[in-house]
Amino acid sequence: MDKIRVLIADKSSVYTKMFTRAVTETDNKISVSCVTDGDEVLGLINSKSYDIIVIDAEISKPGLIELVNIILMKNPLVYVLVIARPSAANKDLFMDALSKGATECMTKPINDSYAENFDAVKRKMNYLIKKTMRKIREENVASPDAVPVSTMKTPNVNTFNPEIVLIAASTGGPLALNNILPNLQKDFPVPILIVQHIPSYFTETLAQHLDKKSKLNVKIAQDRETIKAGTVYLAPGGLHMKLNSKNNIRLDDSPPIGGLRPAADILFESVAKSFSGTRVLVVILTGMGSDGKRGLVSLKAKRDCYCITQSEDTCVVYGMPRCAVESGLADKILDLDKIYCELESLCYIQT
């Protein structure tokens, strides 16, 4: 396995030393570089490839959002952790960063003791380093084999009228969802269920943000509620979301799948097994990894399932969509700004 590289961009020497120590105590073979402003970040990423970049929200020259954009243009697979001092404005700032493709956000710990602060930082870095190692292992595995056509049902798109929409998204997903949901009409005729990989403490913020901008009702899914048309159900952070035969949402804390909870595979497989209808429209948006592929196999085998994937050119990370395409599970590839039109075209009954 190649040596992992970490870049820490923070003008605070206290936190720079804390994050550096957290990395080296997790794995002393990891390479760590430290800078104090955005120009230095840009200089380094032009000559080296980093796996994890930690950025203080108050970074200057350029500012945080511009810097995140540039970093991900150069290396869309890098994990970006945005850190910020405690503030009432943190949630909005963090949501902006996540919408632009940041992977994680963290409020700088300000406990009474240095040891408590360091432990919080070390837990976060240990988590990101493990995710990075897992990603590297996955990249070294050959591309997934295509699913045999004989096991899949491919509906006729000219007559296909979905009864439910399932959306899976990860890195860059908040931005993609913000492009799709606000453009859908208030009388959208079917329920929409979404699994978005995002830190659990931002799920409610994302739902509120999307609800304010959308004509549809966007909410966090509640256990045992019955899904209905015109409503968007976002899987709560830290819980898997399933659908039973009565079209009731069920939430559980069963083990993560591939390190993910919620996982799109869990939702997709439950719909394949239990959904009272037959016609399912799946949308795979930007994201790292392969979540959704296994569930798509089940949906294609057991339901009339039509799958749209986001195009590589418009993805922050072309991982989840690529996996669906290369596995032969995608029926249509669309640029992000075309997806909402396709949803409306398919979901409204033509008269």
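# A quick tour of the predicted fold

**Helix H6 and its hidden side**

- Helix H6 spans residues 173-180, and its buried residues are Gly173, Pro174, Ala176, Leu177 and Ile180.
- These five sit on the same side of H6, because they cover an arc of only 160° around the axis.

**The open sheet**

- Strands of a sheet pair through backbone hydrogen bonds, and they can do that in a parallel or an antiparallel way.
- Here, 5 strands make an open sheet with parallel pairing, and reading across gives the order S2-S1-S3-S4-S5.
- At the edges you'll find strand S2 (31-35) and strand S5 (104-107), each of which pairs on one side only.
- Going from one strand to the next, the twist averages 15°.
- Zoom in on strand S3 (residues 52-56) and strand S4 (residues 79-84): they run parallel and are joined by 5 bridges.
- Which residue in S4 is the bridge partner of Val54? It's Leu81.

**Helices H3 and H2**

- Helix H3 (residues 64-74) packs on the sheet, where it touches S3 and S4. The direction of H3 makes about 170° with that of S3.
- Helix H2 (residues 38-45) packs with H3 at an angle of about 5°, and their axes are 11 Å apart. That angle is under 35 degrees, so H2 counts as roughly parallel to H3.
- Where the two helices meet, H2 brings Gly38, Val41, Leu42 and Ile45, while H3 brings Leu67, Ile70, Ile71 and Lys74.
- Sort the residues of that contact by type and you get 6 nonpolar, 1 polar and 1 charged.
- Which residues are buried in H3? They are Leu64, Leu67, Val68, Ile71 and Leu72. They lie on the same side of H3, because their arc around the axis is only 125°.
- The cover over those buried residues of H3 includes H2, S3, S4 and helix H4 (90-99).

- For an antiparallel pair, look at strand S10 (residues 240-243) and strand S11 (residues 249-252), which share 4 bridges.
- S10 and S11 form a hairpin, with 5 residues between them. In the turn, Asn247 has a positive phi of about 60°.

- Ser170 has its place in the loop between S6 and H6. Is Ser170 buried or exposed? Its relative accessibility is 10%, and buried means under 20%, so Ser170 counts as buried.
- Setting aside neighbours within four places in sequence, Ser170 is in contact with Gln196, His197, Thr286, Gly287, Met288 and Met320.
- Lys219 lies in strand S8 (residues 217-220). With 21% relative accessibility, Lys219 counts as partly exposed.
- Again leaving out neighbours within four places in sequence, Lys219 is in contact with Ala207, Glu225, Thr231, Val232, Tyr233 and Leu234.
- How many residues apart in sequence are Lys219 and Lys300? They are 81 residues apart, and in space they are 28 Å apart, C-alpha to C-alpha.

Key:
Residues numbered from 1 in each chain as written. Predicted model: local features only at pLDDT ≥ 70, side-chain atom pairs only at ≥ 80, totals over all residues. Heavy atoms only, no water. Pairing = 2+ DSSP bridges. Axes fitted to C-alpha atoms, helices over the stretch in contact; angles between N-to-C directions. Contact = heavy atoms within 4.5 Å. Parallel < 35°, antiparallel > 145°, perpendicular 65-115°, else oblique. Nonpolar A, V, L, I, M, F, W, Y, C, P; charged D, E, K, R; others polar. Buried < 20%, exposed > 50% of the residue type's maximum accessible area, 1.4 Å probe, protein only. Arc of directions from axis to C-beta.
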